[in-house]
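These are my notebook entries on a structure that I went through element by element. The sequence and model are placed here for reference.

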Amino acid sequence: LHEFFPNHSILNRGIGGDSVYGLRHRLEDDVLPYNPTRVFMLIGINGIQEAEERIIAHTLALADIFHQHNIEVGLSSILPLRSPDKWDRFQYQDKIVRINTALQDAAAKTDGCFFLNYHAVVKDETGQLAAECSKEDGTHVTFEAYCRMAEVVRPYLI
């Protein structure tokens, strides 16, 4: 993060393999003590097999907790996958798009909330994670993807 945004104070509290439930569990210890003014939630692919409504509800519940602490929230789109993917999650591509649409709609209707559409800048013409953005496992992203994502988040940095 400091490589992309050297003039900003940014703390990455993401944990590989975490889910919306894990973030909720560790929120009081790992995020709120730092008194952030803005958070960017990139979460959702771990646990994608859960019911669509449940993923959306839990993500929005987390956003509400942040709002209660006067923290602005950037809801991030779930990234597309590339077939074949190591965890057989490619079957959820359409579900990812629906969840992203619901999160974008929610962000547009909520004060102090905005949507970061990373999905749009890393997908190819078929809707998959672009080859140049995908590691071999079809889920994790390359430096090229992070470069594209950095441009999406840049306007929202304080």
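I call a residue buried when its relative accessible area is under 20%, exposed when it is over 50%, and partly exposed in between, using a 1.4 Å probe and protein chains only. The model is predicted, so I note that local features need pLDDT of at least 70 and side-chain atom pairs count only at pLDDT 80 or more, whereas totals for chains, interfaces and linings use all residues. Residues are numbered from 1 along each chain as its sequence is written, and side-chain values use heavy atoms, with hydrogens and water left out.

Entry 1: cysteines.
I looked up Cys133 and found it buried, because its relative accessibility is 0%. Cys133 sits in the loop between α4 (118–122) and α5 (143–153); helices here are DSSP runs of H or I with at least four residues, strands are runs of E with at least two, and both are numbered from the N terminus. Beyond its neighbours within four places in sequence, Cys133 is in contact (heavy atoms within 4.5 Å) with Val122, His140, Val141, Thr142, Glu144, Ala145 and Arg148. I also took the C-alpha separation of Cys133 and Ile43, which is 18 Å for residues 90 apart along the chain.

How many disulfides does a search of the whole structure find? The search finds 0, where a disulfide is a pair of cysteine sulfur atoms within 2.5 Å. Cys147 is in no disulfide, and the nearest cysteine sulfur, that of Cys133, is 9.2 Å away. Cys147 counts as partly exposed because its relative accessibility is 25%. Cys113, at 13%, counts as buried.

Entry 2: helices α2 and α3.
I recorded that the axes of α2 (residues 52–68) and α3 (residues 93–109) come within 10 Å and cross at roughly 35°. Axes are lines fitted to C-alpha atoms, for helices over the stretch in contact, and angles run from 0 to 180 degrees between N-to-C directions. The crossing of α2 past α3 is right-handed, meaning that the near helix is turned clockwise from the far one by less than a right angle. On the α2 side I listed Glu52, Ile55, Ile56, Thr59 and Leu60, and on the α3 side Lys95, Arg98, Ile99, Ala102, Leu103 and Ala106. By class, this contact has 7 nonpolar, 1 polar and 3 charged residues; Ala, Val, Leu, Ile, Met, Phe, Trp, Tyr, Cys and Pro count as nonpolar, Asp, Glu, Lys and Arg as charged, and the others, Gly among them, as polar.

Entry 3: Thr59.
Is Thr59 buried or exposed? Thr59, which is found in α2, is buried because its relative accessibility is 4%. A polar atom of the Thr59 side chain lies 2.8 Å from the backbone oxygen of Ile55. Not counting residues up to four places away in sequence, Thr59 touches Val20, Met41, Leu75 and Leu103.

Entry 4: backbone geometry.
Most residues other than glycine have a negative phi, and most peptide bonds are trans. I therefore looked for exceptions. Ser83 and Pro84 are joined by a cis peptide bond with omega about -5°, and Pro84 is in the loop between β2 (72–76) and α3. Asn35 is not a glycine, yet has a positive phi of about 50°; it lies in the loop between α1 (20–30) and β1 (38–41) and, at 63% relative accessibility, counts as exposed. Asn70 likewise has a positive phi, of about 60°. Asn70 is in the loop between α2 and β2 and is exposed, with a relative accessible area of 70%.

Key
A polar contact is a pair of N or O atoms within 3.5 Å; within protein, one must be able to donate a hydrogen and the other to accept it, and residues adjacent in sequence count only if both atoms are side-chain atoms.
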